[in-house]
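Morning, everyone. I'd like to talk about aromatic rings today. Please have a look at the sequence and the model first.

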Amino acid sequence: MLRALRDELGSRLGAAAANAWDRTVAGGVADLRRMPRTEVARDPGGTLYRYDPLPGVAPSGPAVVLVPPLGAPDFAYDLRRDCSLVEHLLGEGRPVYLVDYGPIAFGHRRLGIEHWVDDVVPRTVRRVAGLTDGPVHLVGWSLGGLFCLLALAAAEEAGEPLPVRAVAAIGSPVDVTAVPLVAPLRPLAEVAGGRAVSALYRAVGSWPAPLVSTVFQLTTVDKMVTRPLAILSRLDDRDTLAQIEAVDHMMANMHGYPGRVFGQLFHLFLRSNDLAGGSLQLAGREVSLSSVKVPVLAVGGRDDVIAPLRAVRRAVPLLTGAPEVRFETAPGGHLGVLTGRRARTTTWPALDAFLSAH
């Protein structure tokens, strides 16, 4: 017994020493290589990429189109090797495409949510459907999931349905009152009124990337405080250290928000919480979630403070036009529900089952 304990302690100390060396001297423990991909098309709305199939994996099923949110870099879907949704989908044989908007600059300040709903997402979907000769699966995380749902609804209402078989929205909040960080701000927003905020975002032009990163980090302030202790206590756990390193890398590469989008999020979401009622005013017309006509999967993270379960679940009764609506929960926070270590055994299998069924 003592010998076994001694051997285990020696093994853990050896692993901790090797990991500490790699973190501080050798450049890190996370494999941050991106899955190989090929540029398919480029236009002002972004760049469309096709990920290269994995050698020896037979193609299976319709193409999957990944739609990122604003703020986060596109590699949130490809966080690190062995913890990459892209890698997982390729391993299942699915053709995988992604639209990358690139960094947001001052010149994008007049772009609103309707730019992604009416232009970027529909154009991407139709382009991929044309390349693959059939309807696609649409997957969006956070605001990207809302872009997907609203784009489908807007296209239906315009009489030009998108060639989509099914859509998955992961960590996409519909009811802002259910978001703990936002709810206390709503009365303040009413007192401040809309004019001051409108003047601010028009003057600034964009919500800067460092500020987006800071706000994102504040949602996990408790983990930031205990982070050094967590690293020390798990110094022998290479997978945990690799995940921390990969998340840090993503946080260092966040993008900004166009000024107009920030204004819409303030007025339509924070002040009036319109989408919780089932519709959103965009470009002079109302877009209703009830107009979505394809199967929907909504996934909420149990520890997500940006899109808590109640905020995500609110979409279910509003999607009255969808032939099927599944709601799944998974452990993890806002990023963890998408590509955390536990997502490998929760979110990803649920997504696999949903896509395979449609």
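**Aromatic contacts**

Let's start with two side chains: W116 and F147 are both buried. Keep in mind that this is a predicted model.

How many aromatic pairs does a search of the whole structure find? Two.

Take Y101 and W116. Their ring centres are 5.8 Å apart. Their planes meet at 75°, which is over the 60-degree cut-off, so this pair is edge-to-face. Where do the partners sit? Y101 is in the loop between β4 (96–100) and α3 (113–132). W116 is in helix α3. They are 15 residues apart, and the pair links distant parts of the chain.

Now burial. Y101 has 14% relative accessibility, so it counts as buried, the cut-off being under 20%. W116 has 2% relative accessibility, so W116 counts as buried too.

Next pair: W116 with F147. This one is stacked. Centre to centre, the rings are 5.7 Å apart, with 5° between the planes. W116 belongs to helix α3, while F147 belongs to helix α4, residues 143–157. The pair therefore ties together parts that are 31 residues apart in sequence.

Y101, W116 and F147 make up one aromatic cluster.

On to charges over rings. Which ring does the charged end of R34 sit over? That of F75, at 4.1 Å from the ring centre. The charged end of R37 sits over the ring of Y49, 3.7 Å from its centre.

That's it from me. Over to you.

Methods. Residues are numbered from 1 along each chain as its sequence is written. This is a predicted model: local features need pLDDT of at least 70, side-chain atom pairs count only at pLDDT 80 or more; totals for chains, interfaces and linings use all residues. Side-chain values use heavy atoms; hydrogens and water are left out. Rings of Phe, Tyr and Trp (its six-membered ring) pair if their centres lie within 6.5 Å; planes under 30 degrees apart count as stacked, over 60 as edge-to-face and the rest as tilted. Helices (H or I, at least four residues) and strands (E, at least two) are DSSP runs, numbered from the N terminus. Buried means under 20% relative accessible area, exposed over 50%, partly exposed in between (1.4 Å probe, protein chains only). A charge sits over a ring if NZ of Lys or CZ of Arg is within 6 Å of the ring centre and within 35 degrees of the ring normal.
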